[in-house]
Amino acid sequence: MIDQIGPQPFHSYIRDVQDYAESRARAVLRRIPDGSYEFWDYMDDDMVSRIPVRIRLKMTVNDGHVTLDVSGTDPQVKTAYNVPSAGQRMYWLTFRLTGFITTHDPDIPKNAGIYRNISMINPPGTVLNAEFPDAVNLRVAAPYRLFDATGGALIQAVPELMPAAPGGTMVPFSFAEVMDDGSRRVEVVQPMRSGMGALNGRDGVDARDNSLNNMRNHPVETVEVESAVLITEYDIRPDSGGAGRWRGGVGQMITIRSSVDGGVVLARGMERLRFPPWGIFGGDAGATLQAVLNKGKSGERPVPKIHELVLDRGDTLTLLMPGGGGYGDPFLRDPAAVREDVLDGFVTRDGAWRDYGVALNADFTIDLAATLVRRDARGPLPVQPFTFGRFRLLWEAVFDDAFMLDMNRRLYALRKPSRHTIRRRIFERILPALADGNADLNAALEQTESLRRHAVQVLDDILPLTAEIA
């Protein structure tokens, strides 16, 4: 082509195509009303403590130009969740807007022009702006929460164009074993996926959240031939999608059984164990991720985030992936659609009654009279824009936005090496249960008023506003 038209026209045409993409992208972004929209979401913890990591966004829109400001986000952590963005506008920080643009203009040319209307404020020190020698191996988890924060900001601006939160985690888990000759064999068992969020007029996609990327699943027979695991269950997870007039997509589930002693499971990227994928406009939040060792057997116990989990012969591990959030009041869902969900295995009979107010007879026909009584007895719900789940509501009743912004301003005034240690000291002094791996955090957070007063006092004691930079 260059031989035919010459290098200068070639570069000119490339610029023209990028200019064209810029114009079309701006036309989509102009559908967002001018203004500022704020939202935040949470990673469950940083793996070395039980303290959540908050990803905070302020999205400002002006005539199709969008600025993403994450300067209120929590500081870098000791573990590998930090994102090596170099302070630049990079794909992992903007990919929610990429999806928004390409959804509403699917034929737009895919080139750098799409991003000319997007700018980024991401100062050094946040978990989204790693600095050497920060650990970065699990760098996908924080952008997933920024993805959801961007979605939450967009819902405030253009609710008719946006779905509820997707399941928000992807777990490509592996099984490692030592062979007879001393070598080590590692097999990726499955890239486990969540469900996608529902939107106005459409259920979420089931068991196939491709918000971040697409990955093919592995044939069960191949996995069993090439590793010492038996896959005893591999299915969808009923009732995991948030209930709603339009149902959130359900997540996947899997159970594996080890055929050897000393097998090691690696399951990186586990999130949404405490903060469920939120529903919108009366829809329920999706189910949280669960991992269970020896489910239904002696010694059954829940498993937190997995770094390396050793399985002996006969041990099982069950992964139950989150579903997407629901949209709209579940009691307004067509009973026939609920019945179909039960027949297809997406919703259980108990879930149909509990979450949707639909009664089914023994032959799975709808008991219309009982359904009407159940739905009328509950009455209309006050519709809130977001359904966050109980843990987030309890957490933010103590650690609200004003407290977090104040604490982070003080932390960023310190030298970087001291921030994580002091941050952990603050949280664990306010809420000692965070330092106890077995404590019930929900119960500990119930003392809301006293904890709020205590939080302000602890912050002033450990990080007074007049403190010199460490």
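Predicted model: local features only at pLDDT ≥ 70, side-chain atom pairs only at ≥ 80, totals over all residues.
**The patch**

Met1, Ile5 and Tyr13 make a nonpolar patch of about 330 Å². One of these residues, Tyr13, sits in helix α2, which covers residues 7-29. Tyr13 has a relative accessible area of 48%. Exposed means over 50% and buried means under 20%, so Tyr13 counts as partly exposed.

Now turn to Asp355. This residue lies in helix α7, residues 349-356. Is Asp355 buried or exposed? Its relative accessibility is 19%. The cut-off for buried is under 20%, so Asp355 counts as buried.

What does Asp355 touch, leaving out residues up to four places away in sequence? Its contacts are Ala243, Pro330 and Phe331. Asp355 also has a partner beside it in the numbering: its side chain makes a polar contact of 3.0 Å with the side chain of Arg354.

Here are the two accessibility values side by side.

| Residue | Relative accessible area | Class |
|---|---|---|
| Tyr13 | 48% | partly exposed |
| Asp355 | 19% | buried |

**The sheet**

Five strands form an open sheet. Their order is β7-β8-β14-β11-β12, and the pairing is antiparallel. Which strands are at the edges? They are β7 (229-236) and β12 (301-302), and each pairs on one side only.

Look inside the sheet at β8 and β14. Strand β8 spans residues 252-258, and strand β14 spans residues 316-320. The two run antiparallel, joined by five bridges. Take Thr255 as an example: its bridge partner in β14 is Thr318.

Methods. Residues numbered from 1 in each chain as written. Heavy atoms only, no water. Patch = residues over 30% accessible without salt bridge, like charges linked within 9 Å, V, L, I, M, F, W, Y side chains within 5 Å. Areas by Shrake-Rupley, 256 points an atom, 1.4 Å probe, with all protein chains shown as cover. Salt bridge = Lys/Arg side-chain N within 4 Å of Asp/Glu carboxyl O. Helix = DSSP H or I, 4+ residues; strand = E, 2+ residues; numbered from the N terminus. Buried < 20%, exposed > 50% of the residue type's maximum accessible area, 1.4 Å probe, protein only. Polar contact = N/O pair within 3.5 Å; in protein donor to acceptor, adjacent residues only side chain to side chain. Contact = heavy atoms within 4.5 Å. Pairing = 2+ DSSP bridges.
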